[in-house]
Amino acid sequence: MSRKLAPSIRISFPLLALILQCMIIVLFVFFTDYSEDSPRKFTATYPVFQDVNTMVFVGFGFLATFLKRYGHSSIAFTMLLAAFALQWGTILEGLLFDFENSKIRISMISIIHADLSAVSALVSMGAVLGNTSPVQLLLMTILEVTCFIVNKWLLKFLLEIDRKTSGMYLHLFGAFFGLIVSRLLYRPGLQKGHEKEGSFPISDLFSMIGTVFLWMFWPSFNAALLDTDRAKAVFNTYFALAACTVATFAISIHIHSKGKIDVSHIRSATLAGGVAVGLSASLIPSAYIAMIIGLIAGVISTLGLKYLKAKFELYLGLHDTCGVLYTHGLPGVIGGIVYIILLSVPSVSEDLQRKTLHAAYWETAMFITLAMSILTGLITGFILKLNIWKQPPDLKCYDDQAYWEFPHLATTI
């Protein structure tokens, strides 16, 4: 019986990628210019940019390498999508927020904003990793980054919420956007699992490299755009991650029938604490509160990975390759709720409440973000479902050989 090959992307991908890149270059020619940041400001901001950039390309890249036969694609497609997203994010963020005298002023802050937009796209990618083609991933990145930035503009226009704060909704938006796309692209042939979707000890080890990098740099990530209380945001994120990690190990051992650690829990759930305090990192008044939030996020994330992930796929057709619902989605919801609660607590100063708006605004902001992610995810899913985007057949999902050349295997395949 002949083996069904993955559709060739020899024409479609180069055509789409080069057309989009040339369009972006043209936009840069006519609409961008460098800002005149002082050397002191650049020196203060550049280390933060380095941390965020390391998370984007190294952290998220290696995090996705747990798939035993998809390591090349996981890390390289992360690099590809991030490289495109940060360019498109720079243009769109500039047009909507920093367009002055017919020019977009490029600065370290604008590049950090673009990097954060790229992260939202990488979160979405995690939900569909392995069962989509590079053409689909590139198209999804365009649409996701566009929709995420438009969502930030809506929150600014409707509720006067600064994008430095609303940008932390990237976890919530990216996760639910990706999950809706994944649901629409779901195929019955993958319902009972896929033999190539599992991991090897070595692929799990590489994935843990990504987890460690993300864990180390997450405090910088949450504090990247803050003008004040940056130190408090770093401390709160650090302690939330620490408590989350302890809780994840404890719960993972407890729920295992033989009392052993599941590396998939450690890989994903140990990061949930950083997500859960992302929105309120500078608002949390004491370290113990951040630790409680991190602990709760770790417990919920680990239990979700253990008991919900497989059931959602079996009964709802909701396939989540990297478990983004439990690393980003549910912790993002927790973070939104925590922020609303903190704004309602009398101990939070009146001055701080004036700067962050009333809690009711943030309830509306969270609802708008969820609604936008679901609606735009639906539209994107229907677009990506078209046959012209070269989705791989079931047998070629989670397999590097569908898109990569392995000369040493040529004689055996």
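The model is predicted, so local features need pLDDT of at least 70 and side-chain atom pairs count only at pLDDT 80 or more, while totals for chains, interfaces and linings use all residues. Residues are numbered from 1 along each chain as its sequence is written, and side-chain values use heavy atoms, with hydrogens and water left out. Helices are DSSP runs (H or I, at least four residues), numbered from the N terminus.

Two packed helices are described by the angle between their axes and the distance between the axes. Helix α2 (residues 39-63) and helix α8 (residues 201-223) have axes that come within 8 Å and cross at roughly 155°. Axes are lines fitted to C-alpha atoms over the stretch in contact, and angles run from 0 to 180 degrees between N-to-C directions. α2 and α8 are therefore roughly antiparallel (an angle over 145 degrees). Residues in the contact (heavy atoms within 4.5 Å) include V48, V52 and M55 of α2 and F206, I209 and F213 of α8. By class, this contact has 14 nonpolar, six polar and one charged residues. Ala, Val, Leu, Ile, Met, Phe, Trp, Tyr, Cys and Pro count as nonpolar, Asp, Glu, Lys and Arg as charged, and the others, Gly among them, as polar.

Side chains of opposite charge can pair when their charged atoms come close. The whole structure holds nine salt bridges (a side-chain nitrogen of Lys or Arg within 4 Å of a carboxyl oxygen of Asp or Glu). One of them joins R69 and D399, at 3.6 Å from N to O. R69 lies in the loop between α2 and α3 (71-97) and D399 in the segment after α15 (359-384), so the pair ties together parts that are 330 residues apart in sequence. D399 is buried at 2% relative accessible area, whereas R69 is partly exposed at 33%. Buried means under 20% relative accessible area, exposed over 50%, and partly exposed in between (1.4 Å probe, protein chains only).

D399 also forms a salt bridge with K196, with the closest N and O atoms 2.7 Å apart. K196 lies in the loop between α7 and α8, so this pair ties together parts that are 203 residues apart in sequence. K196 is buried, at 7% relative accessibility. Elsewhere, salt bridges that share partners join E93, D98, K152 and R163 into one network.

T141 lies in helix α5 (residues 134-159). T141 is buried, at 1% relative accessibility. Leaving aside neighbours within four places in sequence, T141 is in contact with L81, F84, A85 and A121.

Key:
Helices (H or I, at least four residues) and strands (E, at least two) are DSSP runs, numbered from the N terminus. Angles under 35 degrees count as roughly parallel, over 145 as roughly antiparallel, 65 to 115 as roughly perpendicular and the rest as oblique.
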